[in-house]
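My entries follow in the order I made them.

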Amino acid sequence: GAGPAAMASIGQPRRWDSGHANEVGASVSISVATLLKNMIGAGIFSLPLGLKLATPVPGLIILASIGLMSAVSYWMVGYCCIAWGVSTFRELWHRTLGPRTAWVIDVTILLNGWFTLVGYLVLIGDFATKSLGGLLGEEHLLARSRLLDQWTVALLILTPLSLAKDLRRLAFTSVLGLCVIVYVVLLVLHEALVKAPGASEVAPSPGAAQIGGAFEAAVLYTHAFVAHYNAPKLYGELADPSGIRWLLVVVASYSTAFVVYAAFALSGFRRFQAEVEGNVLRNFDTQASVLVAWLGMGFSIAFTYPIVFNSSREACVNLFSTTSEAIHAVRSNGSSARRSPSLYSLLGPSPKQGKPEVGTLGGHVSAAFGHSADIAARAAMGAAAGNGASSAARHMVTSVSFVLLTAVCASLTSDLGFVNAVTGSLMGCAVAFIFPSLLFFCTIRTQLAGLGRRRQFEQPLLKKDNDRFHVTPSSASPILQASKTAVPFMRFSLVVAVAEMVMGGVLAMLGLVAALGLLGGH
């Protein structure tokens, strides 16, 4: 749920141009580092392939354009949090679009997590095969059988980790993953400087980018820039939060990410030219420095897998429970007065149902898109509230089945570039462009509609009374209203939001077509 800093911000007057003097939380620099850590991940390995598909100059222009669009939409999510006074994506969605469409969040969590897990297993197949070849010799069975490596890791390592209900011991993987990514970036940069082919050895590149390749490169880049699910949580933890400080966080983070991505993509492409693969680390020959990168990434991904897995599994259980309850309600010609814990976590209490006690499933709200720590807590509490052995058996069957299904999908392809392109087109464009723009559009429309009530932008929205936060009685809508001087900017921003939604939808469709066409070529 929302942390103390986030809850404190709800009860204080909010301004766009100034924050709260006594707010305690993360500084701008810490917030930038946190956003970069969430953004830069496995998607970076496919960036050199984007330059191969679109050719270097158009590829860099596309990378910059996608980065700019992603930064604008990320800023939009923070603006909506300021306007509504919320600090989780679920709360923002409820306030903006209502609880009836809240199932979209769980579908997004499930699909985004699913594709991420499949990508992780593809990477594990890459790194395990390469690492074992360096350690045991190229002729060893484990060095020659990618499928054997994937299934061995899935059954002996990922399944036991995914059955764990307490993931706090895996917190170190965040730091480990960041260190490994930094090491890999430095390794690729060094290789490009030392071992890149000379001008006479460079293969000629086509004069113009292929249209399909340009769109596939765009969705690859979209996947690399996605971190929007965590924007409300990051804003809620920002010290002295204000519109200006939020803008600084977004500009600094996405500018840094673009520089890192551009340098990595150019270095990887310059080093391997037309032979660059969807996972650029597969291009390297076995040597000590590369072996460290393979092993480090393999361990990091293996221990990150259960964190993503828990959120996806919980979303799946939520969808199943909510659907079952909805069907039962229809058959019963109405809903019961008291909602079950799984429906409560999605829609909140029914009119006759009070707030659950602290410690129950309904008393916890997942941070961001139901991120790792809160999702793990909810999963553990849900299992504890079940019927003993039957609940534990369902937990085991669901978890094992989920792991095995991701392993089956990962066994069908060894091309990380294809997986990232599909993920970027199906989920990246929705999370990075369509959803933020839709939320922003609805927020601005609500603010413009409320100008008649003459509520100024710096007026307090919520106030604290007897330790309860509630809407100011004079307000008909719990949203921070803008001053009339901001109307031209707000109307222009509506056009930008619509443009982002349209471009996101078009990019998703064309990128998916290009990715599927490339698969046929492989």
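**Entry 1: Phe402**

I began with Phe402. Setting aside neighbours within four places in sequence, I find Phe402 in contact with Leu110, Trp114, Leu117, Phe309 and Ser312. The model is predicted, so I note that before going on.

Where does Phe402 lie? I place it in helix α16, residues 389-411. Is Phe402 buried or exposed? Its relative accessibility is 8%, and under 20% counts as buried, so I log Phe402 as buried. Phe402 and Ser312 are 90 residues apart in sequence, and their C-alpha atoms are 9.2 Å apart in space.

**Entry 2: the whole chain**

I then stepped back to the chain. I count 18 helices and 2 strands in its secondary structure. The chain has 522 residues, and 52% of them are buried.

**Entry 3: α6 against α17**

Two packed helices are described by the angle between their axes and the distance between the axes. I looked up both for α6 (residues 103-136) and α17 (residues 416-449). The angle is about 155°, and the axes are 10 Å apart. Angles over 145 degrees count as roughly antiparallel, so I write α6 down as roughly antiparallel to α17. The crossing of α6 and α17 is left-handed.

Which residues of α6 make the contact? I list Val104, Thr108, Leu111, Asn112, Phe115, Val118, Gly119, Val122 and Leu123. From α17 come Leu416, Val419, Val422, Thr423, Leu426, Met427, Val431 and Phe435. I sorted the residues of this α6 and α17 contact into 13 nonpolar, 4 polar and no charged.

**Entry 4: α4 against α10**

Next I took α4 (residues 56-84) and α10 (residues 211-225). They pack at an angle of about 40°, with axes 9 Å apart. That angle makes α4 oblique to α10. I record a right-handed crossing for α4 and α10.

On the α4 side, the contact uses Gly59, Ile62, Leu63, Ile66, Gly67 and Ser70. On the α10 side, I find Ala214, Ala218, Tyr221, Thr222 and Phe225. How many residues of this α4 and α10 contact are nonpolar, polar and charged? I get 7 nonpolar, 4 polar and no charged.

**Entry 5: α9**

I checked the span of helix α9, residues 172-195. Its 24 residues reach 34 Å from first C-alpha to last, close to the 34 Å expected at 1.5 Å a residue. Which residues of α9 are buried? I note Thr173, Gly177, Val180, Ile181, Val184, Val185, Leu187, Val188, Glu191 and Ala192. As a reminder, an α-helix has 3.6 residues a turn, so residues three or four places apart point the same way. The cover over the buried residues of α9 includes α12 (243-272) and α13 (288-331).

**Entry 6: two positive phi values**

Last, I looked at two loop residues. Thr55 is not a glycine, yet its phi is positive, near 70°. I find Thr55 in the loop between α3 (47-54) and α4.

Asp240 sits in the loop between α11 (231-236) and α12.

Terms used
Residues are numbered from 1 along each chain as its sequence is written. This is a predicted model: local features need pLDDT of at least 70, side-chain atom pairs count only at pLDDT 80 or more; totals for chains, interfaces and linings use all residues. Side-chain values use heavy atoms; hydrogens and water are left out. Axes are lines fitted to C-alpha atoms, for helices over the stretch in contact, and angles run from 0 to 180 degrees between N-to-C directions. Helices (H or I, at least four residues) and strands (E, at least two) are DSSP runs, numbered from the N terminus. Angles under 35 degrees count as roughly parallel, over 145 as roughly antiparallel, 65 to 115 as roughly perpendicular and the rest as oblique. A crossing is left-handed if the near helix is turned anticlockwise from the far one by less than a right angle, and right-handed if clockwise. Contact means heavy atoms within 4.5 Å. Ala, Val, Leu, Ile, Met, Phe, Trp, Tyr, Cys and Pro count as nonpolar, Asp, Glu, Lys and Arg as charged, and the others, Gly among them, as polar. The expected span of a helix is 1.5 Å times one less than its number of residues. Buried means under 20% relative accessible area, exposed over 50%, partly exposed in between (1.4 Å probe, protein chains only).
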